[in-house]
Structure formats: C-alpha cells, structure tokens
Amino acid sequence: MTHRISRRSMLKAAGAATGAVGIGIGTGVTASPAAAAGTSFAHPGMLHTRADLERMATKVKAGAAPYTAGFARLTANRHSQSTWQPNPLTTPARGGSYVQNYGALYHDIHAAYQNALRWKITGDTAHADTARDICNAWSGTLKGIAGGSEVVLMAGLQGYQFANVGELMRGYPGFDLARFQDMLVNHFYPMNRHFMHRKTNCIGHYWANWDLCSMASVMAIGILCDDRAKFNETVDYFHHGAGNGALDKAIPHVYGKDLAQWQESGRDQGHSLLGIGLMGTICEMAWNQGVDLYGAEDSKFRKACEYVARYNLGYKVPYTAYTWTNGVHCVNTEETVISEGGRGLGRPVWARVYHHYANRRGMAMPNTREMLARSGPEGGGGDYGPNSGGFDELGFGTLTYTRDKATAAEAAASPSPSKSAAATSGTSGTSGSSKSSAGQSSGDVSAQGGKRDKDLAATGTSDLPLWTAATGVTAVAGGLLLLRRRGQARRDAE
C-alpha cells in the first residue's frame with residue numbers, strides 16, 4: 001500500500017529537506033555548466049578516449065578479431081539502427097505509485113550510444129544524426145524525473161550513460177551541448193549528490209550499487225561539463241564515502257593476493273555483477289582523466305573482480321558472514337552464506353576490467369579471462385533481456401575495451417594511485433540495505449506487482465527529495481516529487 005501525501009505536506013517536507021541538505025539548490029545547481037567549470041578535461045574522456053575510438057575503427061576496418069565479432073553484435077542490435085525514433089518524455093518515472101515509464105529513457109539512451117559508436121567506427125553520419133536527434137529531443141523535452149526511492153537508480157544509471165553519449169557527440173553539428181549539460185546538471189546531478197551525502201541514521205541501508213551509480217553519474221557529468229569539483233567529488237567518495245559505494249565498504253574482505261569479497265555476494269549474483277560493472281565504469285572514466293582508482297589499495301578491485309568471476313564460473317570461494325543495517329531502525333541483519341541466486345548470469349561487465357588489469361597492467365586475471373572465454377563477444381542494451389537490468393551497462397566491451405598488451409614504456413607512463421588527491425583509504429565498514437529477490441538486476445523488480453515503496457508518513461520527512469531547478473522546492477506539478485523512505489521490511493529494487 002502506498003500512502004498519499006498532500007501537496008501541502010510535500011512542500012513542507014521539501015522545505016525542511018532543502019534546508020538540511022545545503023548543496024546550493026537554486027543557486028549553484030541551476031547555474032550553467034560553464035559557470036561552474038574548473039580545470040578542463042581531456043575530451044573525449046569518459047569510457048572512451050580518442051585513441052580508443054581510433055583503435056576500434058582501425059581494427060574493425062582491418063577485420064581483426066575479436067573486434068569484428070564485437071562489432072557484429074553492435075550492428076545486429078535493433079537499438080543501433082539509424083532509423084531509431086526518439087520518444088522523449090517530460091517526466092520519466094521509476095518506482096513509487098507513478099506510471100513506470102522510464103523504459104523510454106533507457107531505450108533511447110542505448111539507441112543514442114549505439115548509434116554514436118557506429119558513427120565513430122564507420123564515419124556514417126546517418127548514425128551521428130540519429131544520436132544527436134535523440135539527445136536534443138530529450139534535452140528539449142525533459143522537465144524533471146520522478147518516482148519512489150528507485151528514482152535514485154534512474155538518476156544514477158541513466159545519468160552516467162547519457163553523459164557518456166553527450167561526450168561522444170561533443171562538437172557534432174547541431175548537437176546542443178549546453179542544453180544537454182543543463183538537463184543533466186539540473187535534473188540528474190542534484191539527486192546523485194543528495195543520495196551520496198544523504199543525512200540519515202542508517203546510511204548503510206542501501207547496497208553498494210546505489211552509491212556506485214550515483215558516483216558514476218556525478219563523475220560523468222563533471223567531465224561533460226568540465227567541472228573539476230564534481231569529478232573530485234566522486235574520487236573522494238570512492239576513498240572516503242560514508243555509504244557502501246566507497247572502496248572499503250564495497251569490498252569488505254580480502255583473501256590473500258587474488259580474491260576479495262564483494263559487498264552484495266550474500267545477496268545475489270545479479271547485483272554483484274552490476275557492482276562490478278559500475279565500479280569498473282568509475283575506474284575507467286577516472287583512468288582516462290589521469291586518476292588511477294583501479295590500482296587503489298593494492299588493486300583491491302581486481303581481487304573483487306576475480307572473486308565474483310570465480311564464483312559465477314561455478315568454483316568455490318571463501319566467504320565471511322556479512323552484517324548490514326536494515327531499514328530505518330538500522331536492524332543488524334546477517335548474510336551468513338554466499339548467495340547462489342543468479343549464479344552464472346551473463347552481463348557485459350568483464351572485458352573492461354580484464355583488459356585493464358591483464359593488458360594495461362600485466363596482472364593475472366585467470367578467472368576473469370575464463371569468464372570472457374565462456375561469455376563470448378559482449379553485447380549491450382537489448383541483448384540481456386527486456387527489463388531494465390539488461391540496460392544497466394552500456395556494454396559492447398569486446399569491441400570497445402579489447403586492447404593489446406601495453407609495452408613497458410606505456411605501462412610506466414600510466415597514471416598512478418598517487419595522482420588521486422584522495423588516494424588514502426577510507427574507513428572500513430560493512431553495511432547494506434534490504435534484500436531483493438535473488439538474481440534480479442535493476443529493472444527486473446519493476447515488473448513484479450506489489451513491490452512498491454511505502455511512505456513513512458509518521459516521520460514527517462523525506463529521505464530523498466527531488467528539486468525543481470528554478471526554485472529548489474519539491475513540487476507535484478510538472479512531475480516533480482517527494483521521494484519516500486523505505487519501510488524496514490521493504491525489499492529494495494536494487
């Protein structure tokens with residue numbers, strides 16, 4: 001059951017929330033990206049650099065394996081066709097009692113990304129025009145994002161993905177970059193930032209992937225807008241954040257030199273794969289701007305990749321019981337065994353991490369290598385099921401991340417962890433949020449009846465407000481909303 005809240009009470013709660021958060025709503029957030037710009041970034045410089053794109057084009061033209069197999073997966077995907085027509089909405093919504101229409105957003109984002117890739121590889125401007133038109137349609141139409149607490153996931157996942165599309169389209173004739181930046185800064189970033197710095201007695205309630213998608217979005221928007229403060233915000237949170245997206249919380253236990261337990265391993269494997277994909281996204285974007293998060297804490301993330309890959313290949317791994325704080329009352333809840341839910345699930349998250357550690361760094365990745373061999377060429381959105389979980393990762397890693405082994409000189413010129421201003425480790429801890437059905441990824445739960453947020457009306461507060469760009473006030477009109485806190489027994493969508 002979803003309790004209704006009056007417009008008056010929503011506005012009252014919003015006023016309290018905006019006063020408590022203190023992130024410059026109505027001032028800094030609504031300023032144009034250029035006004036907040038700091039030191040400029042390398043462009044393109046998110047998931048793909050100019051050298052990466054040139055490598056893909058050269059290898060595909062030469063008919064080199066496995067690039068040709070990866071490119072074949074791209075061209076076979078219905079989202080990559082230049083005939084794709086955008087379906088922009090004024091207010092996409094995810095979660096709560098709203099109409100679950102956010103599929104229009106993620107389908108269009110993946111169509112834009114895939115068409116942008118085809119253009120970069122082939123030079124066919126028909127695909128560039130399609131990607132440009134999708135971006136312009138959304139930036140010219142979207143007025144807000146709505147939903148229950150799962151709107152955080154939409155703001156994070158679709159925020160980082162759309163920013164990556166904009167980065168690929170930067171400078172293309174007719175692409176309205178300034179309006180696109182404003183859309184992300186005014187409607188996605190406030191939600192990302194508020195979630196990362198949420199004020200709650202039970203910050204450990206949410207699983208790692210909630211933080212990670214928000215972190216990825218903030219970093220990507222920072223790069224897109226040449227805003228160094230936003231980029232550094234994610235780097236700092238990676239090392240020191242209070243939530244489960246911080247490195248020491250996302251990877252709470254290390255076993256020897258090669259394995260480390262992922263935070264959601266006792267929950268299910270679908271979400272563990274999602275976490276590998278999101279942390280890999282953050283690390284890759286940082287790397288392409290000269291900051292090495294991959295190598296933090298003796299390449300701790302590599303060990304987590306090997307751990308998740310090994311277990312999903314069917315092998316045994318060590319596991320330490322994991323305690324997390326469940327619900328608004330922070331009830332300690334224990335995951336005593338590793339979960340078999342979703343074990344062996346396919347997701348396109350492996351090529352990026354394998355080729356970084358094995359080919360850029362020359363480090364052993366035997367389990368990840370075997371996972372890649374078993375999985376075949378990685379696809380993208382639309383290739384891994386119809387629900388939103390199949391669109392959490394932009395994908396096509398075989399095409400986009402395969403690389404030759406670095407020479408000694410190239411390895412020596414790589415970024416080092418010391419280049420991160422926040423390279424010291426954060427405080428270790430273990431926490432999480434209420435458990436979802438095994439094997440689900442982000443959108444899978446949306447198709448199940450009854451799995452909706454419950455307002456904690458008795459608290460008189462909102463955990464995650466969403467603001468209008470102009471006033472900083474939560475509103476009903478125009479699809480803006482009051483986000484709701486989860487009840488203790490509520491199962492999270494992510």
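In which sense do β5 and strand β6 pair, and over how many bridges? β5 and β6 (residues 331-335) run antiparallel, paired over 5 bridges. Two strands count as paired if DSSP finds at least two bridges between them. This is a predicted model: local features need pLDDT of at least 70, side-chain atom pairs count only at pLDDT 80 or more, and totals for chains, interfaces and linings use all residues. Residues are numbered from 1 along each chain as its sequence is written, and side-chain values use heavy atoms, with hydrogens and water left out.

**The β5–β6 hairpin**
- Helices (H or I, at least four residues) and strands (E, at least two) are DSSP runs, numbered from the N terminus.
- Y322 stands opposite E335 in β6.
- The hairpin has 4 residues between its strands. In this hairpin, G327 takes a positive phi near 80°.

**Aromatic pairs**
- The whole structure holds 13 aromatic pairs. Rings of Phe, Tyr and Trp (its six-membered ring) pair if their centres lie within 6.5 Å; planes under 30 degrees apart count as stacked, over 60 as edge-to-face and the rest as tilted.
- Y206 and W210 form a tilted pair, because their planes meet at 55°, with ring centres 4.7 Å apart.
- Y206 is buried at 4% relative accessibility, and W210 is buried at 0%. Buried means under 20% relative accessible area, exposed over 50%, partly exposed in between (1.4 Å probe, protein chains only).
- W207 and W324 also make a tilted pair, with centres 5.1 Å apart and planes at 45°.
- W207 lies in the loop between α8 and α9, and W324 in strand β5 (residues 322-326), so this pair ties together parts that are 117 residues apart in sequence.
- W207 is buried at 0% relative accessibility. W324 is buried at 2%.
- Elsewhere, ring pairs link Y102, Y106 and F391 into a cluster.

**Charges over rings**
- A charge sits over a ring if NZ of Lys or CZ of Arg is within 6 Å of the ring centre and within 35 degrees of the ring normal.
- R198 places its charged end over the ring of F195, 3.9 Å from the centre.
- R228 lies over the face of F41, 3.9 Å from the ring centre.

**Helix α7**
- α7 spans residues 177-187 and is mostly covered, with 8 of its 11 residues buried.
- Among the buried residues are L177, F180, M183 and L184. Q181, N186 and H187 are also buried.
- The buried residues of α7 pack against α5 (125-139), α6 (151-169), α8 (189-196) and α9 (208-224). Contact means heavy atoms within 4.5 Å.
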